[in-house]
Amino acid sequence: MASFDPLILPIESIAGEAPLDAERMREDWLRQRFASPQPWTPEINEEQRMRQIVGTPRPAAVLMPIVMREEGPAMLFTQRTADLKDHAGQISFPGGRTELSDVSPIDTALRETEEEIGLARSHVEVIGSLPEYFTGTGYRVTPVAGLIKPPFEVVPDPREVAEIFEVPLAFLMDGMNHQRRTIELSKELGSRTFYTMPYQRFFIWGATAGMLRNLFLFLRS
């Protein structure tokens, strides 16, 4: 659980880039971009840099599930239950820490997705992954991108997932919806700047918003 409430912090700035072209959110274009990525530079904040050099971060992986709806693609998220040790109540991608039995980050992401929301791996077409993302809670996360075609069923694990929902990809891939907020933690810890992407009653922020930001930069490169 964060030691502060990100909702009450003022918006410091808006990233402001133009929205991603609709063509670049088409199924065939997404496959091609991950198969033949163009040069781009991920955004790495100070907290991520710190986590790369302090201690040994625990490996983890998440699935970035892109649902190919007729009305336009959407990203699937979970809202975590309020009593979890890490990221309680936050908006997350399905995923979690790597187990010894996992053969790859893709295996971790698919296994955790099946356990958390009941989505069988046979429904997921993995198209690639983004660079590792280092979180403030000490994880080294590999974001795995996957396409999902309806119909499919999801059943949340009530121990971990309070709700499953979707957000239009067009909303998330628009720099005008990428807010920056800053919290002053302490004299020793300094400040922390992070992205937020509020959508309706859902407040997407932190590592999830950071990985979405990198997906945006990757697809617009």
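Here, contact means heavy atoms within 4.5 Å. Keep that in mind for the close-ups below, which come from a predicted model.

**View 1. A61 and the residues around it.** A61 is part of strand β2. Setting aside its neighbours within four places in sequence, A61 is in contact with G95, G96, P105, T108, A109, V141 and T142. Its relative accessible area is 0%, and since buried means under 20%, A61 counts as buried. Look for R111 as well: A61 and R111 are 50 residues apart in sequence, yet their C-alpha atoms sit 9.9 Å apart in space.

**View 2. The hairpin of β2 and β3.** Strand β2 covers residues 58–67, and it pairs with β3 in the antiparallel sense over 2 bridges. Here you can find V67 standing opposite A74 of β3. Between the two strands of this hairpin come 6 residues. In the turn, G72 has a positive phi of about 135 degrees.

**View 3. β3 and its other partners.** Which strand is joined to β3 by 7 bridges? That's β9, residues 161–168, and the two run antiparallel. Strand β4 (residues 91–92) is joined to β3 too, by 2 bridges, and this pair also runs antiparallel. Q79 is a handy landmark: Q79 stands opposite E163 in β9 and opposite I91 in β4.

**View 4. How β3 sits in the structure.** Why is β3 described as largely enclosed by the rest of the structure? Because 6 of the 7 residues in this strand, which spans residues 74–80, are buried.

Technical notes:
Residues numbered from 1 in each chain as written. Predicted model: local features only at pLDDT ≥ 70, side-chain atom pairs only at ≥ 80, totals over all residues. Heavy atoms only, no water. Buried < 20%, exposed > 50% of the residue type's maximum accessible area, 1.4 Å probe, protein only. Helix = DSSP H or I, 4+ residues; strand = E, 2+ residues; numbered from the N terminus. Pairing = 2+ DSSP bridges.
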